[in-house]
Amino acid sequence: IFFFNDTATTEIYTQAFVGSVRCVQETVSELTKLRKKLGDDFFKTHNSRLGFMSAFVRASVMSLQKFPAINAVIDGKEIVFHDYVDMSIAVSGPKGLLVPVLRNCDSLGFAEVEKAISDLGARAKAEKIALEEMVGGTFTITNGGVFGSMLSLSLIHISEPTRPLYISYAVFC
């Protein structure tokens, strides 16, 4: 991460950095096998399906805990580190994509993540996501693959402090 002496240069650099396309194509064959093997039991136990997102959220949380600078934000000339992970996750609504925040992901297990994402998705479709639920994320995951896309731009809230990094992925089964 680079810091510049004047705010304008920092903002220009930050916008260019955040606007860049970053796509991590995940190899999910092992996860697909695991879902097939454990999916029915997972649903019976947790009343929620075992999807890909919980694995991506948990993997992201583990990485963010190992490398806390990635979960930090740039606020002026300061780096602000977080001891929690609030994951912004894109969900589809009737008027387009929304990016609500899944709070305290670092304390959630697979089932809790799947239920929370399912709830956010259902409320997005019903247009019941509040504005307060779409601010304050410390990290963003976007899945353009649901629309058949190999590359996609993540949805970054410009009004929030700049996130130095995000993950965008596509899943094709």
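**Phenylalanine 81**

I began with phenylalanine 81, which counts as partly exposed because its relative accessibility is 48%, and I noted that this is a predicted model. I found phenylalanine 81 in the loop between β3 (78-80) and β4. Leaving aside neighbours within four places in sequence, I listed Pro68, Ala69 and Ala72 as the residues in contact with phenylalanine 81. I then looked up the C-alpha atoms of phenylalanine 81 and alanine 69, which are 6.7 Å apart although 12 residues separate the two along the chain.

Alanine 69 is partly exposed, because its relative accessible area is 35%. I also looked up its C-alpha distance to histidine 82, a residue 13 positions away along the chain, and the value is 8.8 Å.

Is asparagine 71 buried or exposed? I had it down as a loop residue, placed between α3 and β2 (73-75), and its relative accessible area is 2%, so asparagine 71 is buried, the cut-off being under 20%. Not counting residues up to four places away in sequence, asparagine 71 touches Leu64, His82, Tyr84, Val85, Thr138 and Phe139.

**Two positive phi angles**

I next looked at backbone angles, keeping in mind that most residues other than glycine have a negative phi. Asparagine 47 has a positive phi, near 55 degrees, and is not a glycine. I placed asparagine 47 in the loop between α2 (29-46) and α3, and I recorded this residue as exposed because its relative accessible area is 60%.

Glutamate 127, which is likewise not a glycine, has a positive phi of about 55 degrees. I found glutamate 127 in the loop between α4 and β8, where its relative accessibility is 47%, so it counts as partly exposed.

I then turned to the interior, where in soluble globular proteins nonpolar side chains tend to be buried together. The largest nonpolar core here has 18 residues, and those with the most contacts inside it are Val57, Met87, Ile89, Leu102, Cys105, Ile117 and Ile141. The largest share, six residues, comes from α3.

To see one member from close by, I listed what isoleucine 89 touches, not counting residues up to four places away in sequence: Met53, Val57, Leu98, Val99, Pro100, Leu102, Ile117 and Ile141. Another core lies apart from the largest one; it has five residues, among them Val91, Ala124, Ile129 and Met134.

**Rings around phenylalanine 52**

How many aromatic pairs are there by the rule used here? I counted one aromatic pair. It is formed by phenylalanine 52 and phenylalanine 56, and it is stacked, with 6.4 Å from centre to centre and 20 degrees between the planes.

**The chain as a whole**

Stepping back, I looked up the secondary structure of the protein chain, which comes to four helices and nine strands. From the N terminus on, I wrote the order of the elements as α-β-α-α-β-β-β-β-β-β-α-β-β. The chain has 173 residues, and 40% of them are buried. Of the contacts with a separation of 6 or more, 67% are between residues 24 or more positions apart. I also noted that the chain exposes about 10000 Å², of which carbon and sulfur atoms supply 59%.

**Confidence**

My last entry concerns the predictor's confidence. The mean pLDDT of the protein chain is 74, and 66% of its residues reach 70 or more. Where does pLDDT stay under 50? I found this over residues 1-26, for which the model has 45 contacts beyond four places in sequence. Residues 164-173 also have a pLDDT below 50, and this stretch has 59 contacts in the model beyond near neighbours in sequence.

Conventions:
Residues numbered from 1 in each chain as written. Predicted model: local features only at pLDDT ≥ 70, side-chain atom pairs only at ≥ 80, totals over all residues. Heavy atoms only, no water. pLDDT = per-residue confidence, 0-100. Contact = heavy atoms within 4.5 Å. Core = buried A, V, L, I, M, F, W, Y, C linked by side-chain atoms within 4.5 Å. Buried < 20%, exposed > 50% of the residue type's maximum accessible area, 1.4 Å probe, protein only. Areas by Shrake-Rupley, 256 points an atom, 1.4 Å probe, with all protein chains shown as cover. Phe/Tyr/Trp six-rings, centres within 6.5 Å; stacked < 30°, edge-to-face > 60°.
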